[in-house]
Structure formats: structure tokens, C-alpha cells
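Please open the model in a viewer and keep the sequence panel at hand.

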Amino acid sequence: MSVDIATVKKIASLARIAISEEDAARLAPELDNIMGWIEQLGEVDTADVAPMTAVIPNHLRLRDDVITDGNVRDAVLANAPQAEHGFFTVPKVIE
Amino acid sequence: MTELTDLGVAAIRDGVRGGSFSARDVAQAFIARVSAAKALNAFLVETPDHALAAADAADAAKAAGEELKPLAGVPIGMKDLFCTKGVPATAASLILEGFTPTYESTVSGKLFAAGAGMLGKLNMDQFAMGSSNETSAFGNVISPWRRSDGGNAALAPGGSSGGSSSAIAARLCPAATGTDTGGSIRQPAAFTGIAGIKPTYGRCSRWGVVAFASSLDQAGPMARDVRDCAIMLEAMTGFDAKDATSLDLPVPKWEAGLSPDLRGKTIGIPKEYRVDNMPAEIDALWQQGIAWMKDAGAQIVEVSLPHTKYALPAYYIIAPAEASSNLARYDGVRFGMRDLPEGANLQDMYAATRAAGFGDEVKRRIMIGTYVLSAGFYDAYFTQASKVRTLIARDFEHAFEKCDYLLTPTAPSAAFALGEKQADPIAMYLNDVFTVPASLAGLPAMSVPGGLDAQGLPLGLQIIGRPLDEQGVLNAGLAIEQRAGFVARPEAWW
């Protein structure tokens with residue numbers, strides 16, 4: 001396994017991070033090195049081991065199905081980079 | 001006369017209660033000290049009005065003969081990962097620049113309800129990703145400590161809670177909040193000669209805390225001694241319905257329960273923590289710590305945690321995987337930065353915003369996380385790491401059949417100079433070799449100052465306890481603290 005420039009570009013695209021050719025070339029050996037170091041996990045025998053899902057045993061709770069929050073539109077929009085007419089706005093997505 | 005800024009949490013609380021000084025005097029003394037310490041770059045935002053308002057409330061309650069709240073008159077620092085209503089929060093990232101929370105994190109709300117005032121928001125590694133506070137978008141935090149060689153090399157305060165550790169060591173605040181995902185409370189505490197405890201996962205609510213890796217993130221206090229940590233922890237802890245992993249348990253009276261008597265207790269020394277190339281001074285401190293534990297009445301046994309060497313690689317799958325998911329929320333739509341290049345569509349806007357807003361280390365971790373979760377790799381990486389995590393937790397369970405607490409060094413070295421480890425991410429990751437395993441297992445763990453190295457820099461000892469046994473961890477910490485007699489402090493050069 002090795003992380004090459006094409007892989008870096010694919011990951012960046014999946015992660016929605018714009019990346020230049022230059023950065024992809026710089027990151028490839030760096031990520032390859034880190035992934036190479038992580039590879040050692042493969043040597044642990046985990047055949048009969050369940051993956052951990054909760055560090056401290058805890059029961060997921062149910063709460064009453066009632067409204068506990070709301071009517072805070074302006075607070076929700078207060079930090080939006082762009083909000084109009086009570087909505088978040090984004091670049092046009094439908095032609 | 002002792003300066004007010006030399007006092008810790010308990011001394012300030014008791015002094016205000018007893019009328020030795022007013023809470024306003026305390027707040028003003030710390031505010032002046034904070035504003036004179038810009039060279040440390042520990043604070044991102046200063047909130048003197050918040051501290052003064054809390055102080056005035058404490059003084060008014062005292063004048064009216066009311067019973068004072070547990071932290072009345074105590075001004076604290078708040079790591080910038082905690083959202084506090086009406087005060088800008090960035091988690092030290094450009095992508096959150098301009099974000100002012102319209103809500104209060106549960107932990108900060110509890111501290112304020114207990115009477116604490118806030119001096120300001122503390123700098124940190126960006127999104128808590130780092131071990132040296134060099135990943136902040138707003139500049140490095142400088143440790144107040146300097147090597148005794150006469151060189152003035154700027155030293156790392158540790159990370160990610162580096163603003164917290166630097167500020168407490170420099171007496172800019174008596175205590176601060178920290179968060180610990182893989183060692184971010186304990187390692188900076190060790191680097192700066194202060195104490196800090198990460199409680200059991202689930203003790204402190206994560207609600208309103210900017211998320212890094214949700215199965216690991218845990219808030220905790222940092223202060224100059226064990227008692228002050230206990231007082232702070234009591235105020236920070238408690239069930240919160242808004243956090244699905246919050247533990248629904250009563251909050252123990254940790255301060256009242258403090259006892260340095262370790263008779264009848266057994267301390268485990270994990271042999272796998274004797275890593276290659278461990279500096280002799282770290283090993284010497286560890287041996288000294290063992291001697292202190294014996295002196296406090298404890299028995300010492302060697303224990304084995306066979307999967308220790310796999311903790312860091314497992315952590316560097318699990319934490320980035322969770323981060324890549326958590327940080328997907330920064331999309332330039334709902335809060336924080338937006339970068340909309342000319343003619344860009346929605347997808348371009350996401351990518352441009354995230355490229356401009358995230359720092360290099362954050363991008364690195366998001367990319368690692370995205371990679372290990374991507375189709376075809378999930379089982380080989382994420383599932384395997386989660387299984388190894390089970391084995392690491394099982395190691396601790398087995399060890400705790402033979403002992404009550406584990407004693408280890410907190411970090412494999414004293415503070416390093418800024419820039420020294422920047423070039424090699426793995427060298428930086430290795431700094432957390434002793435702290436990450438307890439994080440993966442969700443265990444309470446604490447660092448207390450043990451002594452100074454030959455260069456005059458602080459070294460810390462770590463105590464790890466059973467789940468929910470913060471009391472035992474604090475007590476073992478107290479036993480060390482009383483024997484170490486650590487009084488060294490950095491000379492004010494800033």
C-alpha cells in the first residue's frame with residue numbers, strides 16, 4: 001500500500017478540501033509515511049475481538065417525545081456567512 | 001505579602017469567604033497580569049468585564065451575608081474549545097473566525113453557575129490537534145519556562161491545551177479548563193509544572209465543546225495543585241441530557257475526599273512504558289515517584305499492558321476518522337468562514353472554504369481520517385483499530401485486577417523548543433505515547449509535577465485509575481505532590 005499523488009487528490013476531493021498540485025506532491029510522501037507507521041496494527045491478532053463501541057458502558061437513553069427547543073431562527077442564522085429572508089444562502093445549485 | 005495572583009483556587013475562595021480580600025481585588029490583579037503578558041500569546045480573547053461581573057456578584061453576596069458559591073471570587077481561563085455565549089470562539093482556527101456562539105457550553109455554564117468569572121479565551125492547538133501549540137492559526141503560545149542554560153529558546157507549553165498551561169504557570173489565572181483527547185490536558189500540565197486531570201470519559205459534558213474526536217474528547221481542569229483540580233472538577237462534572245454519552249451519576253465530593261494516605265493501595269508499574277531511548281532523567285523521576293508511593297504506604301507491583309505499542313497507531317486512525325466526520329460541518333454555509341471564488345458552484349465553495357480555513361495539521365488529520373474510512377479501507381483500518389482499542393482497554397482491566405492505580409511518566413521528555421519537532425509529524429505524535437492509552441480506554445488520569453530536569457524544566461508524573469475512580473487518582477496525585485514539594489516557578493521575563 002502506498003499513498004501517491006493521485007490518491008491524495010482523491011482523498012482531498014472526498015474531504016472537500018481544494019488542493020494544489022504542489023500540496024498534493026508534498027502531502028503524498030507525508031501521508032504515506034504516516035500510513036506506513038500505522039500499518040503495524042495489522043500484526044495484532046484480532047480474530048475473536050469485538051470492535052469497541054463505547055469506552056464506558058452506558059445505556060442510550062430515550063427522552064419524552066416533546067419539543068424542548070425551537071423558535072430561535074435568528075440565533076441559528078446569527079453566525080451564517082450569508083443569510084437572507086430567514087434562510088441560509090448558497091450559490092445557485094439548480095440551473 | 002503574597003501577591004493575589006500567586007494564590008490558587010482554594011486560597012482565593014477561602015480568602016474571599018473569610019474577607020481577607022475582595023473578589024474584585026483578585027479579578028483586577030489577574031486582569032492586569034493577563035493584559036501585561038501578551039508576549040506569551042496565551043489568550044485569544046480577554047474578557048475582563050466577565051471576570052469583574054462575577055467578582056462583584058461574589059462581593060455583593062458576601063456583603064449581604066449570603067452563602068458564597070463554590071467558586072465565588074475565582075477568575076479562571078477558558079480554553080477556546082468551549083463555546084461561551086456572546087464571546088467569539090474559534091478553536092484557534094481561521095475557519096471559525098467571526099463565530100460568536102449564541103449558546104453556552106454545559107461545562108462553562110456550570111463553572112459560571114458555581115460563581116467563577118472568566119478572564120478570557122485561551123489559545124490552543126487548532127481544533128485541539130497538536131502537542132506543542134504550534135498549530136494555532138493565531139500564533140504559537142510560548143511557555144513561561146526557559147532553560148537554565150541562559151539561552152532564550154522559546155519553549156512549547158505542550159498541547160493542545162497550551163494556552164491553559166502557559167497561563168496557569170505564568171500566574172495569569174489560578175485555573176483553567178482544558179480538554180484531553182489523547183493527552184491534551186496531561187502533557188501540557190507536565191511541560192509547565194502544573195497539575196491537570198482528565199476524568200473518566202462521560203463525566204464532563206461535551207455539549208458546546210467544539211468536537212475533535214467524540215469517543216475520546218473529555219474536558220477537565222488544569223491548576224497548580226491537586227486540591228484546586230478537585231475543586232474545579234466538582235464544578236465541571238455532572239449529568240447532561242444534551243450529551244448522549246454523559247454519565248448519569250452523582251458528582252462525588254472530591255475535595256472533601258482528598259487523602260494522601262496510600263496504605264492498603266497497590267501501584268502498578270507498567271513495564272511496557274519503559275520505552276526505548278527514554279531519557280535517564282525521566283526514568284529517574286519515575287523511580288523517585290515509585291519511592292514516594294512506597295513512602296505514602298502503597299505496595300508496588302510490576303504489571304503488563306501488552307498492547308501499549310499499538311495505542312498510538314490505533315489512536316491515529318480513530319481520532320482522525322472521527323475528526324474527518326466531525327469537521328464535515330465546516331462548510332461555509334452555517335457559521336464561520338466562507339470562501340466563494342468568482343463563478344464557483346456549491347462544491348467549489350465547500351472545497352475553497354475548507355482549503356482556506358483549515359490549518360495544515362487539521363487538513364492532514366482530516367485526510368488521514370477520510371482515507372481510513374474510505375471504501376475498501378474501512379475494515380482494514382478503522383475496524384482493526386477499534387478492535388485493538390478493545391484489547392488496550394482489556395489490558396488495563398487485567399492490570400487493575402492486580403493494582404489500584406498505575407504510575408508512569410506523563411511525557412517522554414521535558415518541553416522541547418518551538419520548531420524542534422514541527423518537521424516530523426510522527427515525532428510529534430510520539431509525544432503522547434504515555435497519555436494516549438488511557439484516553440483510548442476512557443480512564444481517569446492525572447499529571448502532577450514531579451521535579452525539574454538538568455535544564456531546569458518541569459517533568460510530570462501520571463497516575464491512571466480505574467473507571468470513575470477520580471478520587472483515587474487525585475489522592476495518589478496528592479501523595480506525590482506532598483512529597484515532591486514542587487515550588488519552582490518560571491521567572492517573569494514576558
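**A strand and its neighbours**

Select β10(B) together with strand β11 (residues 458-465) of chain B: the two pair in the antiparallel sense over seven bridges. Strands are DSSP runs of E of at least two residues and helices are runs of H or I of at least four, numbered from the N terminus; two strands pair if DSSP finds at least two bridges between them. This is a predicted model, in which local features need pLDDT of at least 70 and side-chain atom pairs count only at pLDDT 80 or more, while totals for chains, interfaces and linings use all residues. Residues are numbered from 1 along each chain as its sequence is written, and chains are lettered from A in the order in which they are written.

Next, pick B:L452, which stands opposite B:P458 in β11(B). The hairpin of these strands has five residues between them, and B:G456 there takes a positive phi near 80°.

Is β10(B) (residues 445-452) largely enclosed or open? Six of its eight residues are buried, so the strand is largely enclosed by the rest of the structure. A residue is buried if 20 or more other C-beta atoms, placed from the backbone, lie within 10 Å of its own.

Finally, display the contact between the chains, with 57 residues from chain B and 38 residues from chain A. Residues are in contact if their C-beta atoms, placed from the backbone, lie within 7 Å. On the side of chain B that touches chain A, α12(B) gives the largest share, ten residues.

Terms used:
Contact = placed C-beta atoms within 7 Å. Buried ≥ 20, exposed ≤ 12 C-beta atoms within 10 Å, placed from the backbone.
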